[in-house]
Amino acid sequence: MAKVIIFGIQDFAELAHFYLTNDSEHEVVAFSVNEVFLPKIPIFCNLPVIPFEKVTTIYPPSGFSFFAPMAPKKMNKTREAVYNTITAKGYSMVSYISSKATIFNNTIGRNCFILEDNTLQPFTDIGNNVILWSGNHIGHHGQIKDHVMFTSHVVLSGHCLVENNCFLGVNSTIRDGIHLGAGTLVAMGASITKNTEPWSAYIGNPGKKIAGKTSDELM
């Protein structure tokens with residue numbers, strides 16, 4: 001069991017508190033945000049909210065872990081920066097894997113948030129700082145790298161490689177053997193049948209690249 005500080009005080013943080021409290025062995029002891037975002041009353045979910053700049057003096061890395069389940073702004077770059085800052089302070093980071101997810105001894109990295117009804121087939125590995133919202137199918141013999149978010153009801157077929165900082169929208173489908181380049185944005189309901197270019201965005205069925213805009217300009 002770890003004593004956990006959750007980064008953030010918005011919806012993802014409230015959900016993380018619920019899941020960790022009701023479906024994990026961990027104990028949430030506090031929340032933390034950058035001092036500029038500290039609320040007037042520093043309480044959230046009946047727990048203290050600590051300025052991130054001072055967190056090591058109150059909850060030192062030797063006795064506490066962090067969890068940072070943040071929204072995927074700027075193609076997960078904001079979440080990536082927070083993850084890197086937390087680990088640079090010396091904290092370990094827990095992952096949450098729902099007891100209602102189906103997994104088969106998959107390797108799963110740090111600070112992952114894997115919700116209910118995800119199916120992770122054998123021989124697929126998950127990197128660090130990955131969010132799999134509810135109800136996704138993650139196919140066999142694949143790899144999802146770091147700082148990635150799947151929304152809900154995404155189908156990732158077998159033997160796929162998902163590079164860093166990708167975002168997959170609701171009900172999107174990825175054909176078997178596909179390589180999603182770093183920073184690929186797959187829009188809601190899109191179907192990807194060919195490898196994608198880095199920092200590009202795709203819409204439609206079959207998926208077509210949006211011309212003239214990079215993915216981090218669009219999101």
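**View 1. An open sheet of five parallel strands.** The strands follow the order β9-β12-β15-β18-β21, and their pairing is parallel. Helices (H or I, at least four residues) and strands (E, at least two) are DSSP runs, numbered from the N terminus, and two strands pair if DSSP finds at least two bridges between them. At the edges stand β9 (119–120) and β21 (191–192), each with a single partner strand, so one side of each has no neighbour in the sheet. The model is predicted: local features need pLDDT of at least 70 and side-chain atom pairs count only at pLDDT 80 or more, while totals for chains, interfaces and linings use all residues. Residues are numbered from 1 along each chain as its sequence is written, and side-chain values use heavy atoms, with hydrogens and water left out.

**View 2. The pairing of β15 with β18.** Strand β15 (residues 155–156) runs parallel to strand β18 (residues 173–174), and two bridges join them. Leu-156 has Ile-174 of β18 as its bridge partner.

**View 3. Helix α1 and its buried residues.** Helix α1 covers residues 11–22, and its end C-alpha atoms are 17 Å apart, which agrees with the 16 Å that twelve residues should span at 1.5 Å a residue. The expected span is 1.5 Å times one less than the number of residues. Buried in α1 are Phe-12, Ala-13, Ala-16, His-17, Tyr-19 and Leu-20; buried means under 20% relative accessible area, exposed over 50%, and partly exposed in between (1.4 Å probe, protein chains only).

**View 4. Helix α3 and the glycine after it.** The 16 residues of α3 (residues 73–88) should span 22 Å, and the end C-alpha atoms, 21 Å apart, agree with this. Its buried residues include Met-75, Arg-79 and Tyr-83. Just after α3, Gly-90 has a positive phi of about 95 degrees.

**View 5. The aromatic pair of Phe-7 and Phe-52.** These two rings are edge-to-face, 5.3 Å centre to centre with 90 degrees between the planes. Rings of Phe, Tyr and Trp (its six-membered ring) pair if their centres lie within 6.5 Å; planes under 30 degrees apart count as stacked, over 60 as edge-to-face and the rest as tilted. Phe-7 lies in strand β1 (residues 3–7) and Phe-52 in the loop between β4 (47–51) and α2 (55–58), 45 residues apart. Phe-7 is buried, at 8% relative accessible area, and Phe-52 is buried at 6%.

**View 6. Lysines over aromatic rings.** The charged end of Lys-89 sits over the ring of Phe-52, 4.8 Å from its centre. Lys-77 lies over the face of Trp-199, 4.6 Å from the ring centre. A charge sits over a ring if NZ of Lys or CZ of Arg is within 6 Å of the ring centre and within 35 degrees of the ring normal.
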